[in-house]
Amino acid sequence: MLSKGFEVEIYTSTPDGDIVGLSDKIVAALDGFVREPDSRNVEYTTPPCYRYERLLCDLVRPRLQLRDYLHHLGDYTLIPGSTLSLGAVDRFWRSDPGNPYHTYIEQTYGTSVVTASIHINVGISDPDLLMRACRLIRLEAPLYLALSASSPFLGGEVTGYHSTRWGLFPKTPAEVPLFESHAHFIRWTEQQLAAGTMQNVRHLWSSVRPNGDRRPYNLNRLELRICDLVIDPVALLAITALLEARLLQLLADPSLDPLESSQLSAASRSHALADLADANESAAARLSLDAELRHWKDGSPILAKDWIEQLYQEVWPIAKQEGFSCFLLPLKKILREGNEAQRWLKLYEQGLAVQPIMQQAIQAAADYELTLQDDLCQPLVA
């Protein structure tokens, strides 16, 4: 099995769903939480871990600690979703006014970057294997977006996206190639920094990227950045289990590398695959599981949910052999009942307004986390 960890961004709000900027207070009071440029969301990171049972507690415990602190501050809570679902969306609430990088972000992108997401990090230390993994997951990242979509609302309105976050997010630089080798990644990054299209090594905002302690030179993990906030920890672990099983499959069978096995023209394959990935991401941002994508193997059309079902069947034996197939099972429920965005939109189509939908989601998430803490985390401490 591979090591796994999460970067979790989440909004703070009132129980009515009004998003409130509190990150300066949270970061000052609680260890393990860091600021985002806008004060209305805050981030925490889980340590690298192999066991899914432990990952579950690592996800839930900081959030319960945060909930306790918010209750101490007043009538505040956490709100699901990856965009500013309710309230004003045209104003930036700076968390650190003196930070020049934050100033650049505000002036360049405005509130299009004020989003909450999940970044899934998976440990792969060999740089050539890591680049191969990044190529495959770049081509399949739209599937993980389709499973996680949770931002159909913005400013109290339906936007037409299932993932408004990824539909509007300013992916930077605008064109990111499939990295053919570690040397290619180093050379490309140095060129972007010299040209100013990246302000620093962190300023690579793509669906997936190689990451490490000294980018782009020392790398040790794949970072999947495309997912919307998955507030249900069990659903997040299922998405992560699909990712890990797919990576284990690739490590055992290097021919899964799209640069090697795609049937697209060899002369232009790398560029064509990058374009295909970008187009699939846009389609998944619109319609998530119902999006028609093009498969990287031959460019043929396939619905996102059908592609996910195929992958599920392929990797199930690998997950079973490694002992984590039970954590894959909740994917079936997502495919059957829809992701969070689809479930919210169904309520909206039935006549419920955006604010009551978000109020229900706020309460359901809080109740579920308490259940998980009571039922699953305590025995691991004993």
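The axis of a helix is a line fitted to its C-alpha atoms, taken over the stretch in contact, and the angle between two axes runs from 0 to 180 degrees between N-to-C directions. The model described here is predicted.

Two packed helices are described by the angle between their axes and the distance between the axes. In this model, helix α4 (residues 127-148) and helix α10 (residues 304-322) have axes that come within 10 Å, and these axes cross at roughly 105°. Angles of 65 to 115 degrees count as roughly perpendicular, and α4 and α10 are therefore roughly perpendicular to each other. On the α4 side, the contact is made by Leu139, Glu140, Leu143, Ala146 and Leu147; α10 contributes Ala304, Trp307, Ile308 and Leu311. Eight residues of this contact are nonpolar, one is charged and none is polar.

Both α4 and α10 also take part in covering helix α9 (residues 269-287). Helix α9 has 19 residues and reaches 26 Å from its first C-alpha to its last, close to the 27 Å expected at 1.5 Å a residue. Its buried residues are Arg269, Ser270, Leu273, Ala274, Leu276, Ala277, Asn280, Glu281, Ala284 and Ala285. Besides α4 and α10, the elements that cover these residues include α5 (164-168), α8 (258-261) and β10 (292-294). Just after α9, Ser288 takes a positive phi of about 45°.

A positive phi also follows helix α2 (residues 52-73), where Gly74 has a value of about 160°. Helix α2 consists of 22 residues. From first to last C-alpha, α2 reaches 32 Å, close to the 32 Å expected at 1.5 Å a residue.

Strand β5 (residues 118-123) is joined to two other strands, β1 and β9. Five bridges connect β5 to strand β1 (residues 4-13), and the two run antiparallel; within this pairing, Gly5 has Asn121 of β5 as its bridge partner. Strand β9 (residues 221-224) also runs antiparallel to β5, with four bridges between them. Here the bridge partner of Gly123 is Arg221 in β9. Five of the six residues of β5 are buried, so the strand is largely enclosed by the rest of the structure.

The relative accessible area of His102 is 8%. Buried means under 20%, and His102 is therefore buried. Leaving aside neighbours within four places in sequence, His102 is in contact with Glu36, Pro37, Arg94, Ser95 and Asp96.

Methods. Residues numbered from 1 in each chain as written. Predicted model: local features only at pLDDT ≥ 70, side-chain atom pairs only at ≥ 80, totals over all residues. Heavy atoms only, no water. Parallel < 35°, antiparallel > 145°, perpendicular 65-115°, else oblique. Contact = heavy atoms within 4.5 Å. Nonpolar A, V, L, I, M, F, W, Y, C, P; charged D, E, K, R; others polar. Buried < 20%, exposed > 50% of the residue type's maximum accessible area, 1.4 Å probe, protein only. Pairing = 2+ DSSP bridges. Expected span 1.5 Å × (residues − 1).
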